[in-house]
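Reader: I am new to this structure and would like to learn how to read its features one at a time. Could we go through them slowly together?

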Amino acid sequence: MKKIILGVSGSISAYKAAEILREFQKKGWSVKVVMTENATEFISPITFLALSGEKVIVGQFKDLEYGLEHIRLCDEAEALLVAPATANIIAKFAHGIADDFLSSLYLACKKPVFVAPAMNEGMLLHPATQRNLEILKKDGVHIIEPEEGYLACEEHGKGRLTEPAKIVFEVLSALGKEMKGLKVLVTAGATREFMDSVRFISNPSSGKQGIAIAEEAAYMGADVTLLLSSSSKEKTFVKTERFETLEDLRAGIKKHDFDILFMAAAVGDFRPSRRYEGKIRRGKNITLELESTPDLLREIAPNKKSGQIIVAFAAETDDLLEKGKKKLFEKGADLIFVNPVGRGRGFESDTNQGYLIFRDGNIKELPESSKRDIARKIIEATISIVRG
Ligand SMILES: Cc1cc2nc3c(=O)[nH]c(=O)nc-3n(C[C@H](O)[C@H](O)[C@H](O)COP(=O)(O)O)c2cc1C
């Protein structure tokens, strides 16, 4: 099990460190907590002991089992994360002051270090703090920028600790290795094609499968951009751009260079031939003429640069393998995931199933599982193609 050391310093937001710990555990990580003496004024070590199941280290000269924890603790972990980080601990890190356990640990730590500042806006914007943050950046520390919002001091401003789930996302994606250096573009969700200014044709795709792929690729260290439909309600910390129509999506794909493109968006096959300005009035029956939309995969796949990989997706109600193979070979994708839709399957649900079809004729069945599991399997298959 991978381990992270979570340093907690004396900020009013210290209680949020408990949520950070839980988020790491949800991702299958174990957490060792180290606190400053001042942090214990805000939250008790017993909370972290109970949640982590590991002894919490506070004092420089107590809470130790073998005495050299400040030198060795980082060796058994993937990284050190300090969240929340006070102006004071940031200043100590920047200037090499090691007068408590956490700052001694920082100096001795050879693993990646992440610092998530949390403080009043005045403290954050003070030239001394800004200087210290610059020093930390130069020293290779990853700074997880604080957010703007309502602060505990009843002021609105910058300095609020980044939300726990986002901190964990940033740490895990920076530590990811399997896809480091790869640019990944993912499309997800449903297109909307308008018949007038307020009504559109669409489909129930939630974007969940594409988002799971984007997040899992980010956790593997890829540089990910997600093109997500404006209709998707899902929350994600991946770098996201929204699209509404097929034309928006096409422009979005053209704008980005990629090594791997996952085309998981559910693009409408038809759209109204014209879009009326304003709202069409009720009264008499109208005939809505639909035109076939351009096929983005057929446009993009033949023009891809050498080395680029395109993964296609097909949602089908019947003859899955037959239709999947046809799409893969006729349109020139490198891999296709074909999944059944309709009768509660595929769209909007949290699980998925289907087949991966490779260009060499290989077929791999993916039995019903969470969309996250399916995402990992699709990515693993794609990596096997990238590596040849
Ligand atoms: C109620 C209260 C809230 C505080 N919140 C913060 C904070 O959010 N960020 C910060 O940098 N300092 C904050 N401080 C000041 C720190 O607790 C103080 O600088 C302390 O020396 C930090 O110690 P440490 O860095 O060793 O944990 C707060 C102080 C009090 C009394």
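Author: Let us begin with what the word pocket stands for: on a grid laid over the protein atoms alone, a pocket is an open set of points with protein on both sides within 12 Å along at least five of seven lines. Please keep in mind that this is a predicted model.

Reader: How much space lies in the largest pocket, and which residues lie nearest its centre?

Author: The general idea is that rolling a probe the size of a water molecule over the atoms shows where empty space is left. In this structure about 900 Å³ of space lies in the largest pocket, and its lining is made up of 39 residues, with Ala265, Ala266, Val267, Phe313 and Lys327 nearest the centre. Among the elements that give two or more residues to this lining are strand S8 (183-188), helix H9 (208-219) and helix H12 (320-331), while S16 gives the most, with five residues. Sorted by class, the lining of the largest pocket has 17 nonpolar, 14 polar and eight charged residues.

Reader: What can be said of the lining of the second largest pocket, by class?

Author: The lining of the second largest pocket has six nonpolar, one polar and nine charged residues. The space in this second largest pocket is about 440 Å³, and of the 16 residues that line it, Lys2, Trp29, Leu172, Gly176 and Tyr219 lie nearest its centre. Helix H8 (164-175), H9 and helix H13 (371-386) are the elements that give two or more residues to the lining of the second largest pocket.

Reader: Turning to the sheet, what order do the five strands have, and is the pairing parallel or antiparallel?

Author: In general, strands of a sheet pair through backbone hydrogen bonds, either parallel or antiparallel. Here the five strands form an open sheet in the order S2-S1-S3-S4-S5, and the pairing is parallel. At the edges stand strand S2 (30-35) and strand S5 (142-143), each of which pairs on one side only.

Reader: How many residues surround the ligand, and which are the closest?

Author: The ligand is surrounded by 14 residues, and the closest are Gly10, Thr36, Thr86, Ala87 and Ala118. By class, this shell has seven nonpolar, seven polar and no charged residues, and helix H4 (residues 87-95) gives the most to the shell, with three residues.

Reader: Where do oxygen atoms of the ligand come within 2.8 Å of an N or O atom in a side chain, and where of a polar backbone atom?

Author: For the side chains, an oxygen atom of the ligand is 2.8 Å from an N or O atom of Asn38, and for Thr36 the corresponding distance is 2.7 Å. For the backbone, a polar atom of Ala87 is 2.8 Å from an oxygen atom of the ligand. On its own the ligand has 640 Å² of accessible area, of which the protein covers 66%.

Reader: Which residues does a cis peptide bond join, and where does Asp319 lie?

Author: The cis peptide bond joins Ala83 and Pro84, with omega at about 0°, and Pro84 has its place in strand S3 (residues 79-85). Asp319 lies in the loop between S16 and H12, and although Asp319 is not a glycine, its phi is positive, at about 45°.

Technical notes: Residues are numbered from 1 along each chain as its sequence is written. This is a predicted model: local features need pLDDT of at least 70, side-chain atom pairs count only at pLDDT 80 or more; totals for chains, interfaces and linings use all residues. Side-chain values use heavy atoms; hydrogens and water are left out. Two strands pair if DSSP finds at least two bridges between them. Helices (H or I, at least four residues) and strands (E, at least two) are DSSP runs, numbered from the N terminus. A residue is near a molecule or strand if one of its heavy atoms lies within 4 Å of it. A polar contact is a pair of N or O atoms within 3.5 Å; within protein, one must be able to donate a hydrogen and the other to accept it, and residues adjacent in sequence count only if both atoms are side-chain atoms. Accessible areas come from the Shrake-Rupley method with a 1.4 Å probe; for residues, only the protein chains shown count as cover. Ala, Val, Leu, Ile, Met, Phe, Trp, Tyr, Cys and Pro count as nonpolar, Asp, Glu, Lys and Arg as charged, and the others, Gly among them, as polar. On a 1 Å grid over the protein atoms alone, a cavity is a set of points where a 1.4 Å probe fits but cannot get out, and a pocket is an open set with protein on both sides within 12 Å along at least five of seven lines; lining residues have an atom within 4 Å of a point. Grid points are joined across faces, edges and corners, and a volume is the space filled by probe spheres set on the points.
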